Number of protein chains: 2
Amino acid sequence: MLTPKQYKLLQYINKTIKETGCCPSFDEMKDAIGLKSKSGIHALIEALVERNFLRKLPHKARSLEVVRLPKLKPSSIVEEEKKREQALLDAMIEIPLYGKIAAGTPIEAIANENEKFAVPYETVRGGQFYALTVEGDSMVDMGILNGDTVVIKKSSTANNGDIVVALVDDSEATLKQIKKEGSNVLLIPKNAAYETRKLPASRVKIQGVLSSLYRSYF
Amino acid sequence: MLTPKQYKLLQYINKTIKETGCCPSFDEMKDAIGLKSKSGIHALIEALVERNFLRKLPHKARSLEVVRLPKLKPSSIVEEEKKREQALLDAMIEIPLYGKIAAGTPIEAIANENEKFAVPYETVRGGQFYALTVEGDSMVDMGILNGDTVVIKKSSTANNGDIVVALVDDSEATLKQIKKEGSNVLLIPKNAAYETRKLPASRVKIQGVLSSLYRSYF
DNA sequence: ACATATTGTTCTAATTTAGTTCTGCTATTA
DNA sequence: TAATAGCAGAACTAAATTAGAACAATATGT
């Protein structure tokens, strides 16, 4: 099967051919995908040809043909399955409540398997999840308050702009928005009173991505 | 027969390819099935390839393809699903999701009994509850954001400082902090851009008190 | 046919991401 | 106790991605 870039390019090629009737040039593709050089497009196309998703004539301009597309499940089937599973999956499930997050201790170290937090099962499908109690006000501008419970999806990777549990120097866990900047990582608090931290990527481990939030008013 | 981990991994790979069109990386797989190291994934994949459930291109990243799926689930997985069905009957309760709150319409008028919102049973004992989707930013300074779901306990009274669903002139329902001032009532938004409204108590009916809040980040 | 513009190919090299291998720990079982 | 399976963690190897430039083949207009 395909890598994400290969998939993106294949979709673009297919869409363009469908819409315009002719195949995009390498330069158009590199712009569409967001590359600065078309050599990368060449490599992606070679891979797609090798995997039999594309066919082409060598040295012929705009001669690509889409052989097949990765078959996504038709949405009607997805809907059907969702409905059928709904009854089963709407149940509550308990996930571990690991304690408070703000600063100081890696999460594994304070893991206490006894405490649990109940969430609807459908919200924690497709991954491993845990809950944390928020301590402090470093994220108030995104509506994450002291005392809130956040549900975190375990992951060692994240996208730019995600709110993550980041472990710094194997010793300090914090909840912050993350952005990559070359070989550095920015940990961005959402409160004007706090400052963004810029750290080499090697000092920061991602322990999970914010998935949902729960707050009680009693 | 497959081991539980093998079964889970195979299902995850199949689901991911069907949904996204591209193959997950070892790191994504380890997060999804709850391993901390990808060496375990390697072993599982080797086993699945050997048993002809998976196929891959040698020396290519993200090249897995699902050959077939097992007919039988490992018994431990069956057990787990049974347990979950049981949990469905025990722990969960659904409350009506009445629609959006911001302004304009009394809640009863837009009540749609079809939509439900699942919450842990313990959190909605001792009263009648319903859920609303927040629309607008008039409460952002208390961490209540556009799109959040709030759980409201039905009540016609409230304490000073409570956040309530208030019905003004039988026509307009809003979520605001409430304060009594003699024969008047203050409806206080929590956003500097909005102004507090002061109304005679006779024009304001309380429809419920904010009990908890839920937010999803996906 | 000629000149010129487009388009596709190749190469080098740096960086990031992904896959493989190995070592050792732990719990289980014979 | 020894054997084994499963997994964590690190070290290592390999592939994918990206950029830049040079170049080759093709297409186009005159």
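What follows is a short chat about how parts of it meet.

Me: Before we start, what should I know about the model and its numbering?
Reply: Residues count from 1 along each chain as its sequence is written, while chains are lettered from A and ligands numbered from 1 in the order they're written. Local features need pLDDT of at least 70, side-chain atom pairs count only at pLDDT 80 or more, and totals for chains, interfaces and linings use all residues, since this is a predicted model.

Me: Which element gives the most to the side of chain A that touches chain B?
Reply: Contact here is C-beta atoms, placed from the backbone, within 7 Å, and 37 residues from chain A and 37 residues from chain B take part. Elements are DSSP runs numbered from the N terminus: helices are H or I, at least four residues, and strands E, at least two. With 7 residues, the top giver is β11(A).

Me: How many bridges join β11(A) to β11 of chain B?
Reply: Strands pair if DSSP finds at least two bridges between them. These two, β11(A) and β11 (residues 204-216) of chain B, run antiparallel, and Ser212(A) has Ser216(B) as its bridge partner. The number of bridges joining them is 5.

Me: At roughly what angle do the axes of α1(A) and α2(A) cross?
Reply: Axes are lines fitted to C-alpha atoms, for helices over the stretch in contact, with angles from 0 to 180 degrees between N-to-C directions. Lys8(A), Leu9(A) and Tyr12(A) of α1(A) meet Met29(A), Ala32(A) and Ile33(A) of α2(A). The axes come within 10 Å and cross at roughly 120°.

How values were computed: Contact = placed C-beta atoms within 7 Å.
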